[in-house]
Structure formats: C-alpha cells, structure tokens
Amino acid sequence: MPELPEVETTCRGIEPHLLNRRLTGAIVRQSRLRWPVPRGLSKKISGQTIHAVERRAKYILIKLEQGTILLHLGMSGSLRITPTDTPPEKHDHIDLQLDSGQCLRLRDPRRFGSLHWVSGDAMQHALLKNLGPEPLSDQFDIDYLFKKSRKRKLAIKLFIMDSKVIVGVGNIYASEALFRAGIRPTRAAGRVTRNEYENLVQAIKDVLAAAIRSGGTTLQDFTNSEGKPGYFQQELHVYSRADEACHTCGTPIKHRVMGQRASYYCPICQH
DNA sequence: ATCGCCTCCTGCGCGC
DNA sequence: TGCGCGCAGGAGGCGA
C-alpha cells in the first residue's frame with residue numbers, strides 16, 4: 001500500500017536508472033489496470049529520451065521529449081529496475097524497456113494502479129489539475145487548511161484524505177497525524193479550531209517527512225529490490241492497533257469504519 | 001458544492 | 001492442518 005513517502009522513495013530510487021536513457025519499447029502483458037493501459041504505448045514512447053522523473057501526489061511522472069507517462073501504484077503496485085531478459089513473475093504487468101538493457105517493471109497484484117499516456121502538459125491532465133497542494137510544500141500551511149475547512153461538515157479524517165484539499169495523506173498517515181495532533185477523526189472539519197489545525201499541519205508534515213527519511217536510508221538501489229520502505233519502518237501509534245494500549249496513556253485504541261475505511265484513535269488522547 | 005457510496009482486484013487473516 | 005469465506009484498500013465517478 002504505497003503511501004506518499006513510498007512513492008517519493010520509489011521515484012528517487014528509479015530516477016538514476018531512467019534519466020537521460022532512451023526508451024526502446026514497452027511490453028504490456030496485462031492492460032486491465034484501474035484504467036485500460038493505452039494501446040500502442042510502445043509506439044508512443046519508443047526512441048524517446050527520459051528527461052525527468054517527478055512525483056505529483058501519488059502519481060509518478062516520467063517525462064519524455066514529447067509527452068509524459070503517468071503512473072499510479074494503487075495499493076499493491078511496485079516498480080523495479082531489472083534486466084529486460086529477466087523472466088517476468090506473476091503480476092508483472094508492464095515493462096518499459098531502456099537502451100541500457102534494463103527495464104522499468106511494474107508489478108501490481110491487485111491492479112488498482114494505472115498507466116496513462118499524456119501527450120500535452122501533464123499538469124493539465126484531468127487527474128492532476130484539480131489536486132490540492134503537496135503536504136510538504138509551503139503552500140500547505142495553517143491558513144490554507146483552516147480556511148479550506150470552514151463550513152465543512154465532513155469528518156476531519158476524510159477531509160484531510162480528500163485530494164482536492166491536500167494530496168498524499170493516505171489512510172494510515174491520516175490516523176497517525178490525527179493522533180499526534182490530539183484530534184478525533186470523527187470531528188467535523190469545520191469545527192476543528194485554528195490551534196488544532198496548527199498541530200495537525202505540523203503532524204502531517206512531520207509524519208510524512210519522517211517516513212521519507214526512513215525510506216531514503218533503507219533504499220540503496222532499486223535494482224532487484226522490492227522497493228517497499230516506508231511506514232512500516234516507523235512506529236505506528238494507532239493504525240491497526242485496535243484494542244491495544246495507547247502508547248501515551250494505556251487506554252485501548254478504538255477502531256471504527258469511516259468512509260468504508262478503517263480508522264483508529266485513542267478515546268482519551270484525542271478530543 | 002458537498003457528501004456518501006460504489007467499484008475495481010487479489011492476498012491474507014480468520015474461523016471452523 | 002486445511003479450506004473457504006469475506007474483508008481491506010486508493011481514489012475516481014456518480015447519484016442524491
């Protein structure tokens with residue numbers, strides 16, 4: 001379940017293998033992902049040099065001379081760099097072949113991931129143009145989140161998971177950030193105070209930055225690696241800890257479903 | 001505009 | 001021990 005820190009780590013891991021390399025083709029073994037993989041992908045990308053590898057939200061942008069490959073890892077996707085002649089394993093759906101003899105291989109058992117081809121300005125793509133700010137950017141600050149939240153009745157947890165509000169806060173980090181900030185996930189976003197948002201913004205930034213740091217240190221090389229650093233490297237205070245003792249006060253952690261998603265909180269520490 | 005619910009898919013955990 | 005059932009999960013899309 002790649003969250004933003006894992007996507008960021010993945011980007012950094014694959015970038016050195018891709019930058020300034022020429023694509024020689026693509027193999028699509030399974031085109032039924034979250035959205036159909038575009039037909040004729042190989043033709044579109046062949047011969048093009050990779051100019052940049054970037055991340056926006058949880059999307060990975062592989063920028064070519066003419067156009068951009070837009071990747072999303074869904075919840076079970078992973079990327080690796082491997083020699084093109086390495087036999088694909090189960091769920092290895094797509095290879096992007098490089099002139100180095102290696103390929104970028106997408107594995108995604110649950111197929112919630114996606115690959116789009118964007119011929120024009122990638123940021124104007126429907127999936128990207130309405131996204132909120134990056135959580136680690138300066139645009140994401142107390143004023144922004146506080147103003148955005150006024151009159152919103154949506155639960156604060158669902159509010160911070162809304163990609164139009166802010167990107168990259170997945171289910172795990174939403175619970176963890178709210179615990180750090182001492183806010184109950186069920187509170188209406190519009191009723192959370194400015195002071196609480198101050199704590200929450202900091203908590204979101206801290207928790208994501210810490211995860212990226214731990215990901216960055218564990219990952220030496222994406223060749224043959226699983227590329228799965230991230231949240232499970234750091235201590236989780238509430239996520240997946242139903243009925244276990246709160247690390248702060250010892251009270252059993254509560255579990256409830258919000259928006260068809262598991263939520264966890266301490267009934268004492270979070271108000 | 002806002003919100004809740006549905007959907008895609010498979011591995012895994014749980015219960016018997 | 002082995003089997004089968006049902007759930008989890010990112011996020012767009014749609015209906016209310």
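This is a predicted model: local features need pLDDT of at least 70, side-chain atom pairs count only at pLDDT 80 or more; totals for chains, interfaces and linings use all residues.
Which residues of α1 are buried?

## Helix α1

The buried residues in α1 are Leu-4, Pro-5, Glu-6, Val-7, Glu-8, Thr-9, Thr-10, Cys-11, Gly-13, Ile-14, His-17 and Leu-18. In other words, twelve of the 15 residues of α1 are buried, so the helix is largely enclosed by the rest of the structure. Buried here means under 20% relative accessible area, with protein chains only taken into account.

The length of the helix can be checked too. Helix α1 covers residues 4-18, and at 1.5 Å a residue its 15 residues should span 21 Å. The C-alpha atoms at its ends are 20 Å apart, which agrees with that expectation. After α1 comes Asn-20, which has a positive phi, near 65°.

## Around DNA strand C

Next, the surface that faces the DNA. There are 16 residues around DNA strand C, and those that come nearest are Arg-34, His-72, Met-75, Arg-110 and Tyr-239. Of the atoms of DNA strand C that come within 4 Å of the protein, 53% belong to sugar and phosphate. Sorted by class, the residues of this surface comprise eight nonpolar, four polar and four charged.

His-72 has a side-chain N or O atom 2.5 Å from a phosphate oxygen of DNA strand C. Arg-110 meets a base instead: an N or O atom in its side chain is 3.3 Å from a base nitrogen of DNA strand C.

## The second largest cavity

Rolling a probe the size of a water molecule over the atoms shows where empty space is left.

By class, that is seven nonpolar residues and one charged residue, with no polar ones. Two strands, β6 (92-98) and β7 (102-107), each supply at least two residues of the lining. Of the elements involved, β7 gives the most, with three residues.

Technical notes
Residues are numbered from 1 along each chain as its sequence is written. Chains are lettered from A and ligands numbered from 1 in the order in which they are written. Side-chain values use heavy atoms; hydrogens and water are left out. A residue is near a molecule or strand if one of its heavy atoms lies within 4 Å of it. A polar contact is a pair of N or O atoms within 3.5 Å; within protein, one must be able to donate a hydrogen and the other to accept it, and residues adjacent in sequence count only if both atoms are side-chain atoms. Ala, Val, Leu, Ile, Met, Phe, Trp, Tyr, Cys and Pro count as nonpolar, Asp, Glu, Lys and Arg as charged, and the others, Gly among them, as polar. Helices (H or I, at least four residues) and strands (E, at least two) are DSSP runs, numbered from the N terminus. The expected span of a helix is 1.5 Å times one less than its number of residues. Buried means under 20% relative accessible area, exposed over 50%, partly exposed in between (1.4 Å probe, protein chains only).
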